[in-house]
Every structure is written in structure tokens, then in C-alpha cells.
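I set out here what I looked up in one structure, entry by entry.

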Amino acid sequence: LESSGLLSHIFHTSFWTTSSLSTILFFLSKHSIIMKFALAALSSSLLLARTQAFAPLRASAVTRRSLSTTSSLHANVLKLSDPQTELLDKVDIFIFDCDGVIWRGDSLIPGIPETLEKLRQAGKKCFFVTNNSTKSRAGYKKKFDGLGLDSVPAEEIFSSSFAAAAYLEQTKFKETGKKAYVIGEIGICQELDLIGVPYIGGPDDEGKQPNMGSGGRLEIDEDVGAVIVGFDRHINYYKIQYAQLAINEHDAQFIATNLDAVTHLTDAQEWAGNGSMVGAIKGCTGQEPVVVGKPSPLMIDYLEDKYGMDRSRICMVGDRLDTDVLFGTDNGLQSLLVLSGVTSEEKLLSPENAITPDFYADTINDFFVSSPVQSESS
């Protein structure tokens, strides 16, 4: 114990327990000659420990953590193997997301029409809930028909554009005499028309530019009482500034149809979603929006009130963890993740993932795939 280097080595040794270190420190306190070296060593040890806490784990430690966590997740998130007993016997109503579950972009996922027909023949009720606000319910009905799913009635389709209108209706916004400013596409406007809420913006503000010259300012309608932000392929600085002024200077409500990070505009790649539009308004107002799409409970509350559903017998099926699965788990529903959309099996089973469905499957076509046990017995 003649140098602080030797003491530091002792303190760094992994087999020392807290009690044995305490004993050593007590001994050192009785010998003032080496006390200053002990304190220096202890300081060095604490600094090293603090540094190691923020340093990357050694490869062996990472491997051990990944294996143990993945095993745990495998135990909690089961891949659907016996659909009849694990799922169909326990569910009366299926709520399906659309993008990544029924279609990708404008392409229908193979086998979907046959699977939906089998579910109906089995007495299951189906609803389709999408966070995409670009179309109204009527617009989505046309898309379903165009993809050969003409057996799906409009009453079974719920979009976040409908949810935005439903929220304004529930909060009696129309009675305030105010109007809404829309960042978004025709779907939101059509739904507002159906409930008689006046609005400005939307497609009408495509291509507009504010006067940003010397002394330039953007004048806004003081009757705007709500700003609705939905997915907008033609978002521009004029729309962002208009929303900023309405919220910051006129206390307009800030409503977001959804916070999806990415979306399927085409089946070729992922595209920036409505989260990017909402993020721009959050950034310039410092306010959080009221979110009406998934995972908000608004749509499931609406369905429950309208149809008298038993939530424990409903299964939410989607391709996103942070919207679809969270919509299920947060609202007392069963949940199933499909790998036909944005979420990979690797991401689902990753140690970093904290959102876990009851089951997962490759596509909803797996609902009618015989289990290995059933195949062998037959």
C-alpha cells in the first residue's frame, strides 16, 4: 500500500464487496500516513466508475444482455401458431389498421379479400381505423372499392379526418361560432362539411407565400378557433406561419390527426408522416396538440358508445408499435402486430422496444393457417 496506484488497483478489483471496502477504509483512517493516498485512490476509482457507467458495454456484456432480454421478449410476445385457440376463439371484433395491414400504398396485400371473407363467415365484426387523414370516410370507401374490397361498407371505416370532426362535434365547437384552420388535404375538409363546421386553409392555401419583405406580415382571420394539422403533401411556410399566429396570438386549439413518423405513400419506400407536420407547429408554438387519431382513445370510445362493444373481446391489428399496438394496450383491447408494414421482427424483439402486443404474425392471412399440432393430428 505504498502508492495511490496500488490502492487504485485494489479498489478497481471486481471481487471487492462493499463491506470489505468499508473495512479497508476503516483501517486506512487509523493510519494517517497513507490516508492521503487512499483518498486519492478512492477518488480515482469513483471517477473511473462514473466514466464506465456512460461508456459502451463490452461486447460480451452486450451479447449477454441481448440474449436474456430477447428470450424474455420471446416469452412475452408469441408468434401466432394456433390462431383458432389463441385468437379467433377469444375475439368477436377486429379493428384493422389499413396502411401496412390491408394495403401498402395503392397495392392490396395478397390474400386479404379471402381472409376478410373468412372472418365474416366466422361471425367476426370488422372495422378499419386509419391514421391517414388525406381522405374522408367516403374517400376511403372509394379506395376500398377500387382495390376490390367493395364488400366493406362505409360504416366500418374510420379515418383520423373523421376523428378530428368527431372531436369538434363532441366539444360543441360549432356552437362557439368559430372556424377551423386546416393544414391537411381534402379528407379533413369533407368531414368538417358533414358536421357544418366552417373552415379555411387546406388545399386552398397550396402554393401561397407570405409577404416576408420589409415590414411584411401575415394577416389572419380572428375567428379561427382551432388549427387542425393532418398529413399535407403541400405544406408550406405560409401554412406554418398562419397556424403559429392562430395558436400563439389568438389562443386557437391545436389539434393533430396523428403523430405518425412515417407513412406509405407508395409501396416503394417509407415517406415522412404527419409527425413532421405536427412537429413544425409544436416547434414554433411550444404547445402540445390534442391528438385524435391512434393511440388516442377517441375512436374506440366512439365505437364502444355506438355499438356497445365489450373491449375485452376486441383485437387491434396493426403494423405500428407506437400507434396501433399502443392503441390496443392503452385502451383495454387485445393486440396483434403484423410484419407486413413498417415494423420488423427485429425491432419488435429488440431490447429497446417496450411496447409489446399479445401476438404477432407475418400478415393477417396467418389467422387461418393451421398450427403444426393441428396439421400433425389431421
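How many cavities of 30 Å³ or more does the structure hold? I worked from a predicted model throughout, and in it I found one such cavity.

**Entry 1: the cavity.** I looked up its volume and noted about 140 Å³. I then listed the lining, which consists of 16 residues. Nearest the centre of the cavity I found D99, N131, N132, D260 and T263. Sorting the lining by class, I counted nine polar and six charged residues, with one nonpolar residue beside them.

**Entry 2: helix α8 against helix α9.** I next turned to helix packing. Two packed helices are described by the angle between their axes and the distance between the axes. For α8, residues 160-170, and α9, residues 186-195, I recorded an angle of about 35° and axes 8 Å apart. I noted the crossing of this pair as right-handed. On the α8 side, the contact is made by S161, F162, A165, L168 and E169. On the α9 side, I listed G187, I188, E191, L192 and I195.

**Entry 3: helix α8 against helix α12.** How do the axes of α8 and α12 cross, and at what angle? I found that α8 and α12, the latter spanning residues 298-307, cross at roughly 70°, their axes coming within 10 Å. Because of that angle, I described α8 as roughly perpendicular to α12. From α8, the residues in contact are F162, A163, A166, Y167 and Q170. From α12, they are L298, M299 and Y302. I counted seven nonpolar residues and one polar residue in this contact, and no charged ones.

**Entry 4: helix α10 against helix α11.** The axes of α10 and α11, the latter covering residues 274-285, come within 10 Å and cross at roughly 45°. I therefore recorded the two helices α10 and α11 as oblique to each other. The crossing of α10 with α11 is right-handed. In α10 I listed I240, A243, Q244, I247 and N248, which meet A280, I281, C284 and T285 in α11. The classes in this contact are six nonpolar and three polar, with no charged residues.

**Entry 5: a cis peptide bond.** Which residues does the cis peptide bond join? I found it between K294 and P295, with omega at about 5°. I placed P295 in the loop between β13, residues 290-291, and α12.

**Entry 6: positive phi values.** I looked up K172 and noted a positive phi of about 55°, although K172 is not a glycine. K172 lies in the loop that runs between α8 and β7, the strand of residues 179-183. I then looked up D251, another residue other than glycine, and noted a positive phi near 55°. D251 belongs to the loop between α10, residues 237-250, and β10, residues 253-256.

Key: Residues numbered from 1 in each chain as written. Predicted model: local features only at pLDDT ≥ 70, side-chain atom pairs only at ≥ 80, totals over all residues. Heavy atoms only, no water. Axes fitted to C-alpha atoms, helices over the stretch in contact; angles between N-to-C directions. Helix = DSSP H or I, 4+ residues; strand = E, 2+ residues; numbered from the N terminus. Left-handed = near helix turned anticlockwise from the far one by under 90°. Contact = heavy atoms within 4.5 Å. 1 Å grid on protein atoms, 1.4 Å probe; cavity = no way out; pocket = protein on both sides within 12 Å on 5 of 7 lines; lining within 4 Å. Points joined across faces, edges and corners; volume = space filled by probe spheres on them. Nonpolar A, V, L, I, M, F, W, Y, C, P; charged D, E, K, R; others polar. Parallel < 35°, antiparallel > 145°, perpendicular 65-115°, else oblique.
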